[in-house]
Amino acid sequence: MEVSHALSVDGRPVAQAVDEASIERLVRHFYSRVQRDAELGPIFAVAIPGDWEPHLRTMIDFWSSVMLKSGRFNGRPVATHRALVGVTSKHFDTWLRLFDASARAVYPAEVAEQFVDRAGRIADSLQRAMFPPAGPRPANHVIGDGS
Ligand code: HEM
């Protein structure tokens, strides 16, 4: 058996199961579910009204960069997601649920968990950027501050 060079994600080895072909299968499986999903489908249909192929290629490059360190992705996800209309944290829950199911359909459980772990952390940071918590109120709105 061929010995792989030691790629790892946060110190854990990425199984040889992760290669460009399986990443492409994951991306295509996941977005075919997204397109048919009652909550996510309409949001994506507005954002991607025509050919899905460029988005799928971008997402293959993204996951290849994240998991295989290929460096092919050079987009701006925060700006892209901030521009989306009508997205809530409930949509992120659905996104992650579908992604988990797709990852498990393509990979053994321990590899799927590495994808889902990464996706979850990126989803958290996207949500912090998209839905910033309400900041402290300006001082002149504070009631009973004694001034
Ligand atoms: C409810 C959740 C989400 C929605 C509705 C959503 C939707 C979208 C849409 C509409 C685009 C633009 C597609 C295009 O114009 O071609 C996009 C791009 C992208 N999404 Fe998401 N997304 C979600 C969650 C996520 C998560 C959790 C990740 C990462 C794990 C992610 C990664 C990306 C990346 C990398 C791009 C490409 C950005 C770029 O090219 O600059 N998305 N997303």
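**View 1. H5 packs against H6 at about 165° in this predicted model.** The axes of the two helices sit 9 Å apart. Angles over 145 degrees count as roughly antiparallel, so H5 and H6 are roughly antiparallel to each other. As for handedness, the crossing of H5 and H6 is right-handed.

**View 2. Here are the residues where H5 meets H6.** On the H5 side you'll find Ser 89, Phe 92, Trp 95, Leu 96, Phe 99, Asp 100, Ala 103 and Arg 104. Facing them from H6 are Ala 109, Ala 112, Phe 115, Val 116, Ala 119, Gly 120, Ala 123 and Gln 127. Sorted by class, this contact comes out as eleven nonpolar, three polar and two charged residues.

**View 3. A shell of 22 residues goes around the ligand.** Coming nearest are Ala 47, His 55, Gly 75, His 91 and Ala 123. Which helices each supply at least two residues of the shell? They are H2 (40–47), H3 (53–68), H4 (77–82), H5 (89–106) and H6 (109–130).

**View 4. Zooming in on Pro 77, we're in helix H4.** Is Pro 77 buried, exposed or partly exposed? A buried residue needs 20 or more other C-beta atoms within 10 Å, and an exposed one has 12 or fewer. Pro 77 has 14 C-beta neighbours inside 10 Å, so it counts as partly exposed. Along the sequence, Pro 77 and Leu 126 are 49 residues apart, yet in space their C-alpha atoms are 7.8 Å apart.

Note on methods
Residues numbered from 1 in each chain as written. Predicted model: local features only at pLDDT ≥ 70, side-chain atom pairs only at ≥ 80, totals over all residues. Near = placed C-beta within 6 Å. Helix = DSSP H or I, 4+ residues; strand = E, 2+ residues; numbered from the N terminus. Axes fitted to C-alpha atoms, helices over the stretch in contact; angles between N-to-C directions. Parallel < 35°, antiparallel > 145°, perpendicular 65-115°, else oblique. Left-handed = near helix turned anticlockwise from the far one by under 90°. Contact = placed C-beta atoms within 7 Å. Nonpolar A, V, L, I, M, F, W, Y, C, P; charged D, E, K, R; others polar.
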